[in-house]
Amino acid sequence: MAIDLHVHSTASDGVLRPRDVVRLAWQNGVQTLSLTDHDTVAGLAEAAKEAKALGIRFINGSELSVTWGRRTIHVVALAPKNLEMFECMSRERGRLREERARLMGERFERFGIYGMFNEAMAIAGNALNLSRRHFALALLHRGEIQDENEAFTRYLSDTGPCFVPTQWFTLPEVMQFIADAGAEAVLAHPGRYSFDEPSQNITLLKEFQALGGRVIEVTTGSHFAADNARYTQLAVNMGFWASTGSDFHGHRPGRPAPGLQQPLPTYLPTVLDLLKTKE
Ligand code: AMP
Ligand code: MN
Ligand code: MN
Ligand code: MN
């Protein structure tokens, strides 16, 4: 049974409408799907409706931005009981995104690259969900870069010259928020964070666990195969339940389509087992 508990739509920085992502996942054989747009729940109603029409299980979700030290990390919240808390948080986050994007637009002017705010905005369709990826796509359009990754290595990474940091949730705050909303916290793509010290990946897992985190993404489209193997082992050793997702944003070279990420090893207890105990 194919499962995908991490995909994006136009409600954040994905390229397909919520209903089209659901349809694509269904075409790929996905039976259980969660839409996890960044800091928003705006796409969930449309996605849930399409999933119902197609007869697949849909789980509400959102991928929350977290500031951990000087880095941005992501925690996915699955199956909230209180969606209103997310709607409220999402309005606030939208304002932060717009403010940050205007400042990032100004940073690009220092490099002689003008009009980036408006162009990123035209791609996003809405200032409230503007993400760094929209800036990367705008640079790609203009031919300033060869691929999205280059946008991050040159301008947009957490330490890049055009990145403007935002204070998102701290890790304790996000865990409290998720618990209060009756959702399950999932540490997203733990192998993707490249910290200055490799030991910080383990520190992050330990902190997440100490704050009540029970689930980590083990196989994801945002990991290399070696990360999938490493986090399988870490999930076993540290006693985490496992989640899996493509982290699909739109067709991108080397990234899996919905449901086509490496499946979880069958012996791992999954977040779906855990959610069953909460029903
Ligand atoms: P933001 O939420 O505005 O901080 O933007 C982060 C988004 O940028 C992530 O959700 C990814 O979609 C994208 N992203 C981050 N790092 C990279 C990278 N190295 N290459 C391509 N896309 C990236
Ligand atoms: Mn994204
Ligand atoms: Mn992410
Ligand atoms: Mn994601």
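I started with the fold and found an open sheet of seven strands, ordered β1-β2-β3-β4-β5-β6-β7, with mixed pairing. Two strands count as paired if DSSP finds at least two bridges between them. Helices (H or I, at least four residues) and strands (E, at least two) are DSSP runs, numbered from the N terminus. β1 and β7 stand at the edges with a single partner strand each, so one side of each has no neighbour in the sheet. Neighbouring strands are turned by 35° against each other on average, direction ignored.

A note on what I'm looking at: this is a predicted model, where local features need pLDDT of at least 70 and side-chain atom pairs count only at pLDDT 80 or more, while totals for chains, interfaces and linings use all residues. Residues are numbered from 1 along each chain as its sequence is written, chains are lettered from A and ligands numbered from 1 in the order written, and side-chain values use heavy atoms, without hydrogens and water.

Next I checked one strand pair. β3 (residues 57-68) and β4 (residues 71-78) run antiparallel and are joined by eight bridges. G61 has L78 in β4 as its bridge partner. α3 packs on the sheet here, touching β3 and β4 (contact means heavy atoms within 4.5 Å), and its direction makes about 45° with that of β3. For such angles, axes are lines fitted to C-alpha atoms, for helices over the stretch in contact, and angles run from 0 to 180 degrees between N-to-C directions.

Then I turned to α4. Which residues of helix α4 are buried? I noted M116, F117, A120 and A124; buried means under 20% relative accessible area, exposed over 50%, partly exposed in between (1.4 Å probe, protein chains only). They cover an arc of only 100° around the axis, which puts them on the same side of α4. That arc is taken from the directions from the helix axis to the C-beta atoms. N118 and A122 are exposed on the other side. The buried residues pack against α3 (83-109) and α5 (132-142).

Last, the metal. The manganese ion (ligand 4) is coordinated by H6 (NE2), H8 (NE2), E63 (OE) and D247 (OD), at 2.1 to 2.2 Å. Donors are N, O and S atoms within 2.8 Å of the metal (3.2 Å for Na, K and Ca), and water is not among the atoms, so sites may look incomplete. H8 and D247 link distant parts of the chain, 239 residues apart. H8 is buried at 0% relative accessible area, and D247 is buried at 4%. The manganese ion (ligand 2) lies 4.7 Å from the manganese ion (ligand 4).
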